[in-house]
Protein chains: 2
Amino acid sequence: MLEDVVRALGHATLGSRLRRLGERLQADAQDLTGILTGKDLPSPHHTVLAALNRNGPLNIGDLAASLGQSQPGVTRMIGKMKAAGLVTAETAPTDKRVSTIHLTKEGTARITELEALHWPAVEAAVADLCGQIDGSLLDQLSALETLLTEKSLKQRVLEAQEPETKP
Amino acid sequence: MLEDVVRALGHATLGSRLRRLGERLQADAQDLTGILTGKDLPSPHHTVLAALNRNGPLNIGDLAASLGQSQPGVTRMIGKMKAAGLVTAETAPTDKRVSTIHLTKEGTARITELEALHWPAVEAAVADLCGQIDGSLLDQLSALETLLTEKSLKQRVLEAQEPETKP
DNA sequence: TACATTTAAATACCAAGTTATATATCTCGT
DNA sequence: ACGAGATATATAACTTGGTATTTAAATGTA
């Protein structure tokens, strides 16, 4: 069995490690979207929809700030979401530079589905995982990695769903 | 002040949050490489060099396993590192499919620099940060984000270096 | 009012990761 | 020894992120 180098290097490679674990969780969560809501929705779209749903229409800059991402990244993501029919952009009447992003009917429907079906399930599964771990950040990351290797987030969520549908 | 949506959604968006924080730490750590060793070295190259230094020559597949990444990703990264003169690939005599990756003199020099100058500094700064936080994973992530917003990892490392160079 | 500065978004380019597939080589059973 | 299947790596196509720069509009100041 080969050593996990990123893990072995400890604090010095914490960035790589957080990123790697984050990608793994995101991929599982995205997979679950398709299974739970019947429609696929890329993970980064989730947070954009949530931001618009929580705050109402936002311009690109505010969206970037509330997501903690760069403006060009958000511009491109919004381009894709417009193409997917999830949002529309309107030029602000008072300032033609500003484009205000609104949820479409479809976008609203998807975020409603996410709130009803996806987030509660993921929230519960991840909260359950997090409830099993404690200690230092590195200890918790190690424990989380181990738990997820034993059984993926996806499996955990699906197993938690079964009892509701069977009886 | 706009709400941080990823943070607000809690466990449901833990993946995005870990990834975002990881990218931030990685970017800062990479920046420090240039400052501390005088030469720039992309963050993903660090872990590859470390893996080869710890284990000796490795083939692509084992490298991928020890880094926890996909094989094609490692193949491409090795391509760049070959171009940068950090590693060489040798076809294994017993099996022509296998390519064994070796550190070059330059690669060995760079990992030695990293071990001497970069990792101890980053390890100390991150360990110090982690020593200031406790509680649940989400609590620790929130605390870490707050600490890093107050003062970046880069600043922390550089301030820790100054006392050594001044007196 | 005109011009310089600032600001919001878009664009261009690049890095790094993924999955799916192709290619080359090896191994094993007949 | 030959062909089927397994295995190691490479390639292709795509996703998502970033920084630096450009464009267009607004602002403010001489």
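This is a predicted model: local features need pLDDT of at least 70, side-chain atom pairs count only at pLDDT 80 or more; totals for chains, interfaces and linings use all residues.
User: Which helices and strands make up chain A, and in what pattern do they follow along the sequence?
Analyst: Chain A holds eight helices and three strands. Its C-alpha trace spans about 60 × 50 × 25 Å along the principal axes. Read along the sequence, the pattern is α-α-α-β-α-α-β-β-α-α-α.

User: What share of the residues of chain A counts as buried?
Analyst: The cut-off for buried is under 20% relative accessible area. Chain A has 167 residues. The buried share is 45%.

User: What share of the contacts in chain A with a separation of 6 or more comes from residues 24 or more positions apart?
Analyst: A contact here requires heavy atoms within 4.5 Å. Among contacts in chain A with a separation of 6 or more, residues 24 or more positions apart account for 55%.

User: Which UniProt annotation covers residues 11–153 of chain A?
Analyst: The span is 70% helix and 8% strand. Its end C-alpha atoms lie 25 Å apart. The annotation comes from an unreviewed UniProt entry, and it reads "domain: HTH marR-type".

User: How are the two copies, chain A and chain B, related?
Analyst: Chain B can be laid on chain A with an RMSD of 0.1 Å.

User: What percentage of the contact residues of chain B recur in chain A?
Analyst: The same surface serves both copies. The recurring share is 100%.

User: At what angle do helices α2 and α7 of chain B cross?
Analyst: Helix α2 of chain B covers residues 14–37, and helix α7 of chain B covers residues 137–150. Their axes come within 12 Å. The crossing is left-handed. The angle is roughly 35°.

User: How do the residues in the contact of α2(B) with α7(B) divide into nonpolar, polar and charged?
Analyst: From α2(B), the contact draws on B:L14, B:R17, B:L18, B:R20, B:L21, B:R24 and B:L25. From α7(B), the residues include B:L137, B:L138, B:L141, B:L144 and B:L148. B:S142, B:E145 and B:T149 of α7(B) take part as well. The division is nine nonpolar, two polar and four charged.

User: Which residue of chain B does A:L21 contact, leaving aside neighbours within four places in sequence?
Analyst: A:L21 sits in helix α2 of chain A. A:L21 counts as buried because its relative accessibility is 3%. Within chain A, A:L21 is in contact with A:L141, A:L144, A:E145 and A:L148. In chain B, the partner is B:L18.

User: How far apart are the C-alpha atoms of A:L21 and A:L148?
Analyst: The two residues are 127 residues apart along the chain. They are also in contact. Their C-alpha atoms are separated by 9.6 Å.

User: Is A:L63 buried or exposed?
Analyst: A:L63 is found in helix α4, residues 60–67 of chain A. Beyond four places in sequence, A:L63 touches A:V48, A:A51, A:L52, A:L58, A:V74, A:I78 and A:I101. The C-alpha atoms of A:L63 and A:A51 are 7.2 Å apart. At 0% relative accessibility, A:L63 counts as buried.

User: Which residues does A:L2 contact, leaving aside neighbours within four places in sequence?
Analyst: A:L2 lies in the segment before α1 of chain A. At 29% relative accessibility, A:L2 counts as partly exposed. A:L2 and A:E23 are 21 Å apart, C-alpha to C-alpha. The contacts of A:L2 are B:L58, B:D62, B:A65 and B:S66.

User: Which residues does A:G135 touch, not counting residues up to four places away in sequence?
Analyst: A:G135 is placed in the loop between α6 and α7 of chain A. A:G135 counts as partly exposed, because its relative accessibility is 37%. Its C-alpha and that of A:A125 are separated by 20 Å. The residues touched by A:G135 are A:Q140, B:G135 and B:Q140.

Conventions:
Residues are numbered from 1 along each chain as its sequence is written. Chains are lettered from A and ligands numbered from 1 in the order in which they are written. Side-chain values use heavy atoms; hydrogens and water are left out. Helices (H or I, at least four residues) and strands (E, at least two) are DSSP runs, numbered from the N terminus. Buried means under 20% relative accessible area, exposed over 50%, partly exposed in between (1.4 Å probe, protein chains only). UniProt positions are given in the numbering used here, feature names are shortened, and annotations may be inferred rather than shown by experiment. Axes are lines fitted to C-alpha atoms, for helices over the stretch in contact, and angles run from 0 to 180 degrees between N-to-C directions. A crossing is left-handed if the near helix is turned anticlockwise from the far one by less than a right angle, and right-handed if clockwise. Ala, Val, Leu, Ile, Met, Phe, Trp, Tyr, Cys and Pro count as nonpolar, Asp, Glu, Lys and Arg as charged, and the others, Gly among them, as polar. Copies are superposed by least squares on the C-alpha atoms of residues with pLDDT of at least 70 in both.
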